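Please open the two-chain model below and keep the sequence beside it.

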Amino acid sequence: MASVGDTRPALRFVSPTASRELALMAAIIVVSIIFASVSPYFLTVNNLVQTMRAGLELAIVSAGMTLVIIMGGIDVSVGGIVAVSAIVIGKAYQAGLPAYLVTPIGLLVGTALGSFNGLVTAKLKVPPIIATLGSMYIFSAIMFLVIGGAWISGLPGTLSPLVNGWLGFIPASALVIAAVYLLAWLLLRKLPFGNHIYAIGCDEQSARLVGINVDRTKVMNYALLGFLAGLAALLYVARLRNVEINIGTTIALEAIAATILGGTNIRGGVGSLLGTLLGVTFIRIMQNGLVLTGVSSLWETVIIGSLLIIVLTADALRNRNNPRAT
Amino acid sequence: MTSKSTGLSVTDPLRARLFMLLALWVVAIIVMALLSPYFWRASTIPYLLQYVPILGLLGLGQTLVILAGGPGIDLSVGSILSLVGVAVGALFSIGVDIWIASAIGIVLGAALGCLNGFLVNVLRIPSLMATLATMFAFGGFALAVTAGRPIGGFPASFSWLGQGHTFGLPNAFVFVLLPVALILHVMLTRTTVGRHIVACGNDDRAAHLSGLNVIRLRIGLYTLSGVLAALGSIISMSWFLAARPDAGRGMELLAVTIAVLGGTHIFGGTGGVPGTIVAILIVTTLQIGLQLANISAAWQLGLIGMLLIVSVSRLSTLRFGQGAKS
């Protein structure tokens, strides 16, 4: 169904990320077998659903991160967006606002902070790593000033069914993840917006020359990531019913790691949402399995880091003769 | 930086930058003095300089790595600092003399930095990803092997470096940071190696074609960054008389902030030691001043974030040619 306007026939027929997706799937299966043989509790429905619920925020944020990285950007401040949104949500609940008001407020805060990142990158021409580094400081400053070092606790769980509920035999959290990834996939693959993202990630200058509104696409993409971070914050509050001071500290780096593990090229232009979802699954299963098998959870960052090094090295060796990779 | 003529007086943007930073530092000192009556005491200066060396060494290493272009960045310096500390602590606890253990620690720092350089320059993994991965791996390893517990019990004589004073100034400042900064400054401005570094940062293709070994040079700078992080680790241990496995947490971002704030262009080619030093003084003055005035550290985070974004956005408007990439 390659229509005339389709700009990426090569991507359609030979997906550059397919081998990575297959490798990740194999890795997930192997790791699961190992964990299942060590701990009988690992392969229970209860454990897997719990793992998925705990990974909900990471999965949602990673979808947005994938789109941003495909565009050749990066956002290390996303943890700050989650934190600020969660605190605003918590304060709004404490002020007695009902859930149907708090939800749009939370999403709006996330979107606004994301747009701020987008505007700084696109309009002030600050490289995304520096811009989001700076906004990470600013967001954590806002967070500390608002929360004042104390937890917000005892929040209502009006949205809890989205995380903990079941629809028949399907856990609601799976539906939320599916909905988010479907939305992201539609944006990326079925709408001009997605084509623009790929184009900017491949070559920003050319994208500008063929008439793509690069700045607007950038702002919208960062805003989308912010929106998803706001959604993650809503679900975080719904799941835990409190806001801790260390919320969101690791989510940015984990989301970047999951995206890269999933085959998205850090230089932009190539990427896969399915890969990212598999990457998130892999990271979460590793974390869960290590805890169940009695290995200190402190090893998990070592494993993520080493895996990243291995994956990046393998990529580098495979793409040795590929001019785009250098 | 707000010079009215764009052609003439901005011939040396680095010098203009330095003056702006010095002015900023004076403003910071005045504001802090107004905020807290304790700030105008003679004891503030050694107190302030006590904080400077560790961050300063990391910032200087970062400056050189970024300066050589690529675009280069080293996010793993904080983790190298932690891991070297843990290694030295482990060596000491099996009976190695503390100074010999420190020397071995510096060699370890060089090896870890060299690994970064290898990943980035030989395998051509983007520096951001490679050092993010090693940041996970090194930092996680330091935490995991110690189970998060600090290693203490260093002899009191070891505190000479971190706690001792000469002429009223901290030893770490007089005997480590000052000589290192001077050597690096002379190297950058007065030797061929320094010119080669700047040449690599400006145009690595041209540098390569004119016979420079760009890869070897950049690996050398990553190694140097590792060595400086190891030195920082030794100062930190000598100060606290303990090796904390999370000693370097968050320092990598602060080091990048300092380097960029100091006028080093994020894509390389422009920058220098004096700017970085003044940037460290600004950041530390903010830190100490707010502490003395008993104002939440959050303001400091927010200020640094804003400084970072503003400083980079000003710089890239001055350098159209370079800012276009990414």
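B:Arg124 sits in the loop between α4 (98-122) and α5 of chain B. Helices here are DSSP runs of H or I with at least four residues, strands are runs of E with at least two, and both are numbered from the N terminus. The model is predicted: local features need pLDDT of at least 70, side-chain atom pairs count only at pLDDT 80 or more, and totals for chains, interfaces and linings use all residues. Residues are numbered from 1 along each chain as its sequence is written, while chains are lettered from A and ligands numbered from 1 in the order in which they are written.

Most residues other than glycine have a negative phi. B:Arg124 has a positive one, near 60°. B:Arg124 counts as partly exposed because 18 C-beta neighbours lie inside 10 Å. The scale is simple: a residue is buried with 20 or more other C-beta atoms within 10 Å of its own, exposed with 12 or fewer, and partly exposed in between, with C-beta atoms placed from the backbone.

B:Leu241 also has a positive phi, about 55°, and is not a glycine. Its place is the loop between α10 (214-240) and α11 of chain B. B:Leu241 has 16 other C-beta atoms within 10 Å, so B:Leu241 is partly exposed.

**The two chains**

| Chain | Secondary structure | C-alpha span along principal axes | Buried residues |
|---|---|---|---|
| A | 15 helices and 2 strands | roughly 55 × 50 × 35 Å | 51% of 326 residues |
| B | 14 helices and 2 strands | about 60 × 55 × 35 Å | 55% of 326 residues |

Chain A has a radius of gyration of 20 Å, which agrees with the value near 20 Å for a compact globule of 326 residues. Chain B also has 20 Å, in agreement with the value near 20 Å for a compact globule of 326 residues. The radius is taken over C-alpha atoms, and the globule rule is 2.2 Å times the number of residues to the power 0.38.

Two residues are in contact if their C-beta atoms, placed from the backbone, lie within 7 Å. In chain A, of the contacts between residues at least 6 apart in sequence, 78% join residues at least 24 apart. In chain B, residues 24 or more positions apart account for 79% of the contacts with a separation of 6 or more.

**Where the chains meet**

**Inside chain B**

B:Ile280 lies in helix α12 (residues 273-292) of chain B. B:Ile280 is buried because 27 other C-beta atoms lie within 10 Å. Leaving aside neighbours within four places in sequence, B:Ile280 is in contact with B:Val52, B:Leu55, B:Gly56, B:Gly59 and B:Ile258.

**Inside chain A**

In helix α10 (residues 192-202) of chain A, buried residues include A:His196, A:Tyr198 and A:Cys202. The buried residues of α10(A) pack against α4 (56-70), α9 (172-190), α11 (204-209) and α12 (214-240) of chain A.

The largest nonpolar core holds 208 residues. Such a core is a set of buried Ala, Val, Leu, Ile, Met, Phe, Trp, Tyr and Cys residues joined through C-beta atoms within 7 Å. A:Val61, A:Val82, A:Leu228 and A:Leu308 touch the most other members. α12(A) gives the most to this core, with 17 residues. Leaving aside neighbours within four places in sequence, A:Leu228 is in contact with A:Ile60, A:Val61, A:Ala63, A:Gly64 and A:Val180.
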